[in-house]
Amino acid sequence: MNKYEIQVDGITYIVDGISYEYSQLDGDSAGRSEDGTMYRDVIGLTNKVSCDFIDKSKWKGATLSNLLKLVEKTSCSFNYYDIKQNARVTKNMYVVADAIKIKLINDEPILENDIQIRFIQMNVDNI
């Protein structure tokens, strides 16, 4: 099982790094009272998976084209190895990406900079 393998709508990518963020989402009645006491109204947990694309030699031509198509998705089925679950999971996510710089070498587009693409859960998990 490759922990650096992700699948987006059935297409497999091997990323150079991966990190996880698990955020509790509070409802409208959460907040501090006048005496400073914090009240929580936890709705659920959202997951964010950040994928690093560093090895520029992999991202050129057709593979670069697939990467660029990935960042235009408004939502996707995202399958990844969740370190918290110690298993592969699939979640409905939306995509946010860094600026992507491209250079041409012999008329072939090649990724010029390291980028990170973040996949953010569209719904919440119960906790």
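Let's begin with arginine 40, which is partly exposed, with a relative accessible area of 46%. Keep in mind as you explore that this is a predicted model. Arginine 40 has a partner in aspartate 26, and the two form a salt bridge.

**Salt bridges**

- The count of salt bridges comes to seven.
- In the pair of aspartate 26 and arginine 40, the closest N and O atoms are 3.0 Å apart. Aspartate 26 belongs to strand 3 (residues 17-26), while arginine 40 sits in the loop between strand 5 (38-39) and strand 6 (42-53), so this pair ties together parts that are 14 residues apart in sequence.
- Another salt bridge joins the side chains of aspartate 114 and lysine 56, at 2.5 Å from N to O. Aspartate 114 is in the loop between strand 10 (108-111) and strand 11 (115-121), and lysine 56 is in the loop between strand 6 and helix 1, so the pair ties together parts that are 58 residues apart in sequence.
- Aspartate 114 is partly exposed, with a relative accessible area of 42%. Lysine 56 is partly exposed too, with a value of 27%.
- Arginine 118 and aspartate 98 also meet through their side chains in a salt bridge, with 3.2 Å from N to O. This pair links distant parts of the chain: arginine 118 is in strand 11, and aspartate 98 is in the loop between strand 8 (87-97) and strand 9 (102-105), 20 residues apart.
- Is arginine 118 buried or exposed? Arginine 118 counts as buried, because its relative accessibility is 17% and the cut-off for buried is under 20%.

**Hairpins and positive phi angles**

- Strand 1 (residues 5-8) and strand 2 (residues 11-14) run antiparallel and are joined by four bridges. Within this pairing, glutamate 5 stands opposite isoleucine 14 of strand 2.
- The hairpin of strand 1 and strand 2 has two residues between the strands, and aspartate 9 takes a positive phi near 50° there. Aspartate 9 has this positive phi although it is not a glycine.
- Aspartate 9 counts as partly exposed, at 37% relative accessibility.
- Strand 9 and strand 10 pair over four bridges, in the antiparallel sense. Leucine 104 has proline 109, in strand 10, as its bridge partner.
- In the hairpin of strand 9 and strand 10, there are two residues between the strands, and asparagine 106 takes a positive phi near 50°.
- Asparagine 86 is not a glycine either, and it has a positive phi of about 55°. You can find asparagine 86 in the loop between strand 7 (76-82) and strand 8, where it is exposed, with a relative accessible area of 56%.

**The helix**

- Which residues of helix 1 (residues 61-71) are buried? They are Leu64, Leu67 and Leu70.
- Looking down the axis of helix 1, you would see its buried residues fall within an arc of 110°, so they line one face of the helix.

**Aromatic rings**

- How many aromatic pairs does a search of the whole structure find? The search finds six.
- One of these pairs is made of tyrosine 20 and tyrosine 22, which are stacked, with 6.4 Å centre to centre and 0° between the planes.
- Tyrosine 20 is partly exposed, with a relative accessible area of 24%. Tyrosine 22 also counts as partly exposed, at 29% relative accessibility.
- Both tyrosines belong to one aromatic cluster, formed by Tyr20, Tyr22, Phe78, Tyr80 and Phe119.

**A nonpolar surface patch**

- Tyr94, Val96 and Met122 form a nonpolar patch on the surface, and together they have about 240 Å² of accessible area.
- Methionine 122 lies in the segment after strand 11. This methionine is partly exposed, with a relative accessible area of 45%.

Definitions and conventions: Residues numbered from 1 in each chain as written. Predicted model: local features only at pLDDT ≥ 70, side-chain atom pairs only at ≥ 80, totals over all residues. Heavy atoms only, no water. Pairing = 2+ DSSP bridges. Buried < 20%, exposed > 50% of the residue type's maximum accessible area, 1.4 Å probe, protein only. Arc of directions from axis to C-beta. Salt bridge = Lys/Arg side-chain N within 4 Å of Asp/Glu carboxyl O. Phe/Tyr/Trp six-rings, centres within 6.5 Å; stacked < 30°, edge-to-face > 60°. Patch = residues over 30% accessible without salt bridge, like charges linked within 9 Å, V, L, I, M, F, W, Y side chains within 5 Å. Areas by Shrake-Rupley, 256 points an atom, 1.4 Å probe, with all protein chains shown as cover.
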